[in-house]
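The sequence and structure come next.

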Amino acid sequence: MNKKIGVISVLIICLTFVSYIYLRKDTKREESQDVYLKTVVFKDSDNELIPISINFHSQVELEEEVRNCIDFMKSEELIAYGLYPVLSKDLEVESIQVKNKILTINFNDQLYSNQDALDIIEALTFTMTDNQDIQQLKLQIQGKDVSYLPNSTIPLSSLTHDLGLNNFEDASTLLHQTIPVMVYNQKIINQYSYYVPTTIRIDENESLKSQVQTILSYVQSKIHLIDAKLDNGLLTIDIDSNVLLDNEKIDQSLEDLIVLSLSSLKDVEDVEIKINGEDVRTKQSSQIEYNYIKI
C-alpha cells in the first residue's frame, strides 16, 4: 500500500512539474508576441464615444496605420462588447498625406452622408492625433478641403487632440475664456467595464485648486479637495479621507479615473494623490491600461 501511495505521489509531482513548465512556456510565448497598442473609438447604444485599446501587434508605416485604424473602426468586431462602429462601411480613404505633423485624409463623398458628423469628427481626430507624429487632422472630400460637415457646427480648420470626446459644448463666446479637459467616469456596458471620457470646459483664469476641484467633482461628487500644487509637471493633490475603503486604501478604479482626468490639465505629466499627508497611489501612470480589448 505504501509503495502504491509512493508511486501515485511521484506521478502527481511529475504532472505538476510538467504543467508548470508548460504554463511557463505558454506565458513566455504570450510575452514574446509583439505588442503595439493603438487607440480607436467606438460608440455604445447611448451614442457615447468610447476609446478602446487594441493590439495591432506591429508598427507599420503611418499611412498603413491610418488605413488600418479606419478599417477597424468600420468593423462590427466589438458588437459582443456592446460597442458599435462610428464610421460607415461605405466610407473610403482615397489618399493620405502628412506634412509638418498635419495629417490630411482625403475621403470619398460618404463623409457627407453620415448623420452623426460630430461623432465622426471627434472619433477620427482623437484616434489620429493619438500618434505623437500627428498634431492636427485635416479632412478632404474627393480632394477638396471641407470647412464644415452637415449637422455639425465644429469648424474643421484646426482639429487637434483638444477637441476631445463626447464634447457637448456649443460654440459660444465662453469657448474663448475656457480650456477643454477630459473627465473620465466608469460605465458598465454588456457586463464590461469601460472608462468613458467627457470633454468639459473650465475657466482658465481660475486658481489651480479651483480647476482641480471642478474636475474631481465630475469624477465623483463626494471627493473633497484640500490642496493642490503643480511642480515640474507633477500635480500633487491632498484629498479628504472619506474616499478611502474599509481597508484604508483608495478604490483602484477611482484612482485611475482621478489620474486620467487630472492628466488632461495643461502642464500636468503625473499625479500624486495624498490623504492625511500620505501618498495613496498604488501604481504609476504608465501602468494605467484601460479599455483594452484582446481580439
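## Strand pairing

E3 and E4 are antiparallel partners, joined over 6 bridges. Within this pairing, serine 95 has asparagine 106 in E4 as its bridge partner. The model is a predicted one.

E3 (93-99) and E4 (102-107) belong to an open sheet of 4 strands, ordered E3-E4-E5-E6, with mixed pairing. E3 and strand E6 (144-145) are the edge strands, each pairing on one side only.

## Helices across the sheet

Two helices are described here relative to the strands. H2 lies across E3 and E4, and H2 runs at about 135° to E3. H4 lies across E4 and strand E5 (136-141), and H4 runs at about 130° to E5.

How far apart are the end C-alpha atoms of helix H2 (residues 62-73)? They are 17 Å apart, which agrees with the 16 Å that 12 residues should span at 1.5 Å a residue.

Which residues of H2 are buried? They are Glu65, Val66, Cys69, Ile70, Phe72 and Met73. These residues cover an arc of only 165° around the axis, so they sit on the same side of H2.

The cover over the buried residues of H2 includes strands E3 and E4 of the sheet, along with strand E1 (37-43), strand E2 (49-55) and helix H4 (117-128).

How values were computed: Residues are numbered from 1 along each chain as its sequence is written. This is a predicted model: local features need pLDDT of at least 70, side-chain atom pairs count only at pLDDT 80 or more; totals for chains, interfaces and linings use all residues. Side-chain values use heavy atoms; hydrogens and water are left out. The expected span of a helix is 1.5 Å times one less than its number of residues. Buried means under 20% relative accessible area, exposed over 50%, partly exposed in between (1.4 Å probe, protein chains only). The arc is that of the directions from the helix axis to the C-beta atoms. Contact means heavy atoms within 4.5 Å. Two strands pair if DSSP finds at least two bridges between them. Axes are lines fitted to C-alpha atoms, for helices over the stretch in contact, and angles run from 0 to 180 degrees between N-to-C directions.
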